Amino acid sequence: MSIITYQPTTEFAPKHCVGLSDYTKDDIYRVLKLALGLKQRQKHGIAHKHLEGKVLAMIFAKRSTRTRVSFQTGIFQLGGTGLFLSSDDLQLGRGETIGDTAKVLSSMCDGIMIRTFDHSDVLELAANSSVPVINGLTDLLHPCQALADVLTFFEVKGDFAGKKLAYVGDGNNVAHSLLIACAKIGLNISIGCPEAHMPDKAIVKQAMEAAEKTGARIKITNDPKKAVEGADAVYTDVWASMGEEAEAEEKHSILKQYQVNSELMACANEKAVFMHCLPAHREEEVTGEVMDGPASVVFEQAENRLHVQKALMTLLMG
């Protein structure tokens, strides 16, 4: 079933987007199809003020380029307003609980986006909010990025059936959300990570269970070449995420054999594309030759954050 020909059979059920584990294939396809439609409208200058007068509270405990710009631009294009709230702007630093913050914000705003460290903070926010909560990133999950990634994959490959995405490097939040997203939509995924930095076992279990329903094949290996073999897309991320600066030297030593270079790309399909969620460190997790080469679709991925998040906000806040 293609996103283009997909016809929803049920209403959009999720109240929040904390992760993608509680999203069905139907839910994800609905987000992707709407994102494609909104993208076309934006490109052709067609107004789509689906959230006119709505306010999105945007909590940032972590610095951001793509997340802030895409959410703030997105809510504006939908006719609403984005309210930027850094850690210095909130009373959380003075001891106000996340639950109390959720109740206050949801009494005044129509949606809450949060980019933070601990995933438990997003869970507590959602549990106490009467309006939709969207996870803009935690140390455990990055659902908006994964949605943008599978949308990009669809645009460049035309479908998910029989295709494969390979991720190599650190088994981090991006790898976790990719596992769940691919399993849910039936896209084969292979993860290549060193033993010390494998994906969370509970996340892998969730992905395996979802894959049983869709037929997606999941492979977890320590060998980057085996992970990439026959892949239609090769994906990597920075080796040390924000907040892991103290581990950077150790991670670089372990992960250097997982660098995406021309040799590793040669193990994938001839027309494989290169993917990265950005920011990228050239000559570390990826060479400049690959990052800036003709196979790279990283900036298409970055743009698609805008479109999938507009779709999510429309579905959740509309």
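Predicted model: local features only at pLDDT ≥ 70, side-chain atom pairs only at ≥ 80, totals over all residues.
Student: In what order do the four strands of the open sheet lie?
Tutor: This sheet is open, and its pairing is parallel. Its neighbouring strands are turned by 20° against each other on average, direction ignored. The order of the strands is 2-1-3-4.

Student: Which strands are the edge strands of that sheet?
Tutor: Take the order 2-1-3-4. An edge strand pairs on one side only. That picks out strand 2 (81-86) and strand 4 (133-137).

Student: At about what angle does helix 3 run to strand 3?
Tutor: Helix 3 covers residues 98-108. It lies across strand 1, strand 2 and strand 3. Its angle to strand 3 is about 140°.

Student: Are helix 3 and helix 4 roughly parallel, roughly perpendicular or oblique to each other?
Tutor: The axes of helix 3 and helix 4 (residues 119-128) come within 8 Å and cross at roughly 45°. Under 35 degrees would count as roughly parallel, and 65 to 115 as roughly perpendicular. The two helices are therefore oblique.

Student: How do the residues of the contact of helix 3 with helix 4 divide?
Tutor: Helix 3 passes helix 4 in a right-handed crossing. Helix 3 brings Ile-98, Gly-99, Ala-102, Lys-103 and Ser-106, which meet Asp-121, Glu-124, Leu-125 and Asn-128 in helix 4. By class, the contact has three nonpolar, three polar and three charged residues.

Student: What is the order of the open sheet of five strands?
Tutor: Its pairing is parallel. Strand 7 (218-221) and strand 9 (273-276) are the edge strands, each pairing on one side only. On average, neighbouring strands are turned by 20° against each other, direction ignored. The order is 7-6-5-8-9.

Student: Which residue in strand 7 does Ser-190 stand opposite?
Tutor: Strand 6 (residues 188-192) pairs with strand 7 in the parallel sense, over four bridges. Ser-190 stands opposite Lys-219.

Student: Which strands does helix 5 lie across?
Tutor: Helix 5 spans residues 143-157. It runs at about 165° to strand 9, one of the strands it lies across.

Student: How are helix 5 and helix 12 set to each other, oblique or roughly perpendicular?
Tutor: Helix 12 holds residues 298-317, and its axis is 8 Å from that of helix 5. They pack at an angle of about 115°. Helix 5 and helix 12 are therefore roughly perpendicular.

Student: How many nonpolar, polar and charged residues has the contact of helix 5 with helix 12?
Tutor: The crossing is right-handed. From helix 5 come residues including Leu-147, Ala-148 and Leu-151, and they meet residues in helix 12 that include Arg-305, Val-308 and Leu-312. The classes are six nonpolar, five polar and four charged.

Student: Is the pair of Phe-12 and Tyr-23 stacked or edge-to-face?
Tutor: The structure holds seven aromatic pairs. Phe-12 and Tyr-23 are 11 residues apart, each in the segment before helix 1 (25-43). Their ring centres lie 5.8 Å apart. Their planes stand at 75°, so the pair is edge-to-face.

Key. Residues numbered from 1 in each chain as written. Heavy atoms only, no water. Axes fitted to C-alpha atoms, helices over the stretch in contact; angles between N-to-C directions. Parallel < 35°, antiparallel > 145°, perpendicular 65-115°, else oblique. Left-handed = near helix turned anticlockwise from the far one by under 90°. Contact = heavy atoms within 4.5 Å. Nonpolar A, V, L, I, M, F, W, Y, C, P; charged D, E, K, R; others polar. Pairing = 2+ DSSP bridges. Phe/Tyr/Trp six-rings, centres within 6.5 Å; stacked < 30°, edge-to-face > 60°.
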